[in-house]
Amino acid sequence: MADCCATIDVPLSAQKHEGEKRMAREMSSHESNSTGGVTQGCPGRAADKFVLAVAPMAGITHSAFRRLLTELGGCDQIYTEMLAGTALLGERPDSPYLKRHPGDGKVIYQLLLRDANRIEPIVDRLRSCLPDGLDLNCACPAARVRRVGGGSDLFDDAPRLEAVLRELRRVWTGPLSVKVRLGRDSSDGWREAFLDRLRLIRDCGVNSLSINLRFAADRLTRPARHELLPWVCAEAGVPVTANGDITGPETVAAHPERFAACAGLMLGRMAVVRPWVFAAWRGGGADYAAPDLAGVWRRLVTLVREDFEPEKAFRPIRLFTCWYSRNFAFGNTLFGRVCYAPDLETLLARTEAFLAKNPAVADNPSMRDF
Ligand SMILES: Cc1cc2nc3c(=O)[nH]c(=O)nc-3n(C[C@H](O)[C@H](O)[C@H](O)COP(=O)(O)O)c2cc1C
């Protein structure tokens, strides 16, 4: 199977920097045109005019899943999972976390950085993947990420964040975005701190922002605060992509005024549970005929086995199947069986046995933990 990283060697030339700059300009103008002026208060937009993005998800948005999404269609950009800066330097270019396939849509590579050290070689490492953009993770609330100073911990520390963004902007002239939350928690003064970070992000020349409308302390348990979106969009000064608890066009239809000023919508868990959600969104809503559930699962298994070494395929297939089990009315049965499967062959056999019984499909799959 062809893969871009193995075959394309891009010299680090001034010409390439020009290409990156052009991409950044095109992205900004596309997004501000299509919003009708994001920062000037957009009166509203048709649901099909949002840029639809797949959120970065560790263990999920690898090259095989990205291919599945591209085959199903409808999404405009896909984020890689967070790529730890220094670990990236030792990563093989044909690894499923980095590589691209011909025909892949737009792929944004997300970086997990803690300081401004070695950003130039890290970015140079990614150039051979021809990223459509780089994103800085300032959102992850996981303790293991915060402990090393990444994710939402970097967002909390303005001087360190500024150093990272200025260095990133210096070495990468293409589209640059950051993914944030609202802050650490909702204690007094959070709005001022948040506005301060927005200013910093803008001043450092970042092109766009995606926001999971929660505090770090909320993790994924509290509902996303979509009601804050008009304020965030008005203050951001760059195009904003909304994230958190968006499950399809019905989320926007329930409160169109909340989303009116957003340039894009980013889906995480629903994109894993129903990877065809974007095709349905673009392809006629209720009239869209959902693909065969077993067929989509089997296709993912095939793609993972093509992209991962045999001994590495088990974990991504298990993680995907755990999320995918939410499609079924009694998906907790499948979840329990695959979660504790000792190896890939057992997992595949158990899932096939479950699917063979033609299980009832859940109308509204739950995003909460089983
Ligand atoms: C399994 C999983 C892995 C995730 N990994 C990342 C990650 O690597 N980087 C990141 O910024 N967010 C990560 N997130 C958070 C998502 O990008 C997204 O912000 C969150 O799931 C909320 O969106 P949703 O309600 O549409 O799922 C992850 C979420 C899940 C469920």
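Two strands pair if DSSP finds at least two bridges between them. Helices (H or I, at least four residues) and strands (E, at least two) are DSSP runs numbered from the N terminus. The model is predicted: local features need pLDDT of at least 70, side-chain atom pairs count only at pLDDT 80 or more, and totals for chains, interfaces and linings use all residues. Residue numbers start from 1 along each chain as its sequence is written.

Strand β6 has these pairings:

| Strands | Sense | Bridges |
|---|---|---|
| β5 (residues 133-138) and β6 | parallel | five bridges |
| β6 and β7 (residues 208-212) | parallel | four bridges |

S177 stands opposite S208 in β7. From β6 the chain crosses through helix α9 (residues 190-203) to β7 in a right-handed β-α-β crossover (with the strands pointing away from the viewer, the path from the first strand over the helix to the second runs clockwise). L176 in β6 is the bridge partner of L134.

Five of the five residues of β6 (residues 176-180) are buried, so this strand is largely enclosed by the rest of the structure. A buried residue has 20 or more other C-beta atoms within 10 Å of its own, with C-beta atoms placed from the backbone. In a regular strand the side chains alternate between the two faces of the sheet. On one side of β6 lie L176, V178 and V180, on the other S177 and K179, and all are buried.

In helix α3 (residues 63-72), the buried residues are S63, A64, F65, R66, R67 and L69. After α3 comes G73, with a positive phi near 85 degrees.

Notes. A residue is buried if 20 or more other C-beta atoms lie within 10 Å of its own, exposed if 12 or fewer, and partly exposed in between; C-beta atoms are placed from the backbone.
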